[in-house]
Amino acid sequence: SPPILGRYGPSKGRPVVIMSRRIESASGDFLGSAEASISIDYFLEFYGNLDVGPRGVIGVVRKDGVAVIRYPFQERLFGQSQNTSPVYEAYKRSAGKGELASNYVSDGVERLTAFRDVPDIDVFVSVGLAMSDVLASWRRSAGIEGAAGATLILLLASLVYMANRFLTAREAARQDVTARLN
């Protein structure tokens, strides 16, 4: 179901997702159904333990495009259609899994996103890592390696300069000795 506000118990007034399953006999006859309401807080706590970086996003979206869960939670996206989002459009063109780099409509952040169907449930999960977060460690190491490389180049240039001065002075001394002996 699309997320709704809980009506009673600990989830009263909090977003919940209703899950249901058909129960059948061995021959396929309908025996009933099982239903459960799951607080979105459960998923938010679970996803909060995953490291997706400071601007990363995890989403659970129904295959019809309705957002079920988004971490970090944004109330304005609660139960809204994501049909026009680049992630949903890429998902619809895919065979149930894929990746893309795009700016998110919800906040304009450029993210590298991977998505995949959840087996036996009518949803897919997406994980988007902000490009700035993904590239931050690379930029740091590239800066350090670049500085180390520049230092080595300067050291080598200094050694070449000193060797050239030594050889020039040696040649001048040799010519001076040769001139005195002649």
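The legends below describe a predicted model of one protein chain, first as a whole and then in a series of close-up views.

Residues are numbered from 1 along each chain as its sequence is written. Because the model is predicted, local features are given only at pLDDT of at least 70 and side-chain atom pairs only at pLDDT 80 or more, while totals for chains, interfaces and linings use all residues, and side-chain values rest on heavy atoms, with hydrogens and water left out.

**View 1**
The elements follow one another from the N terminus as β-β-β-α-β-β-α-β-β-β-α, where helices (H or I, at least four residues) and strands (E, at least two) are DSSP runs numbered from the N terminus. The radius of gyration of the protein chain is 32 Å, well over the 16 Å that the globule rule gives for 182 residues, so the chain is more spread out than a compact globule; this radius is taken over C-alpha atoms, and the rule is 2.2 Å times the number of residues to the power 0.38. The C-alpha trace spans about 120 × 40 × 30 Å along its principal axes. Of the 182 residues, 27% are buried, a word that here means under 20% relative accessible area, with exposed meaning over 50% and partly exposed the range in between (1.4 Å probe, protein chains only). Among contacts with a separation of 6 or more, 38% join residues 24 or more positions apart, a contact being heavy atoms within 4.5 Å.

**View 2. The open sheet of strands β1, β2 and β3.**
The three strands lie in the order β1-β2-β3 and their pairing is antiparallel, two strands being counted as paired if DSSP finds at least two bridges between them. Strands β1 (4-5) and β3 (30-39) stand at the edges with a single partner strand each, so one side of each is left without a neighbour in the sheet. Two bridges join β1 to β2 (residues 15-24), and L5 has P15 in β2 as its bridge partner.

**View 3. Strand β4 and the strands that pair with it, β8 and β5.**
All six of the six residues of β4 (residues 57-62) are buried, so this strand is largely enclosed by the rest of the structure. In a regular strand the side chains alternate between the two faces of the sheet. In β4 both faces are covered, with V57, G59 and V61 buried on one side and I58, V60 and R62 buried on the other. Strand β4 pairs in the antiparallel sense with β8 (residues 123-130) over six bridges and, also in the antiparallel sense, with β5 (residues 67-71) over four bridges. In the hairpin of β4 and β5, which has four residues between the strands, G65 takes a positive phi near 100°.

**View 4. Residue G59, in strand β4.**
G59 is buried, with a relative accessible area of 8%. It stands opposite S126 in β8 and opposite R70 in β5. Leaving aside residues up to four places away in sequence, G59 touches I69, R70, F124, V125 and S126.

**View 5. The cis peptide bond between Y71 and P72.**
Most residues other than glycine have a negative phi, and most peptide bonds are trans. The bond that joins Y71 and P72 is cis, with omega at about -5°, and P72 lies in the loop between β5 and α2 (86-93).

**View 6. Strands β6, β7 and β8, with the turn at D120.**
Seven bridges join β6 (residues 97-103) to β7 in an antiparallel arrangement, in which F115 of β7 is the bridge partner of G98. The hairpin of these two strands has six residues between them, and G108 takes a positive phi near 75°. Strands β7 and β8 likewise pair in the antiparallel sense over seven bridges, with L112 opposite L129 in β8. Between β7 (110-117) and β8 lies the loop that holds D120, a residue with a positive phi of about 65° although it is not a glycine. D120 is exposed, with a relative accessible area of 69%.

**View 7. Residue L154 in helix α3 (residues 131-181).**
L154 counts as exposed at 59% relative accessibility. From C-alpha to C-alpha, L154 and G56 are 40 Å apart in space, and they are 98 residues apart in sequence.
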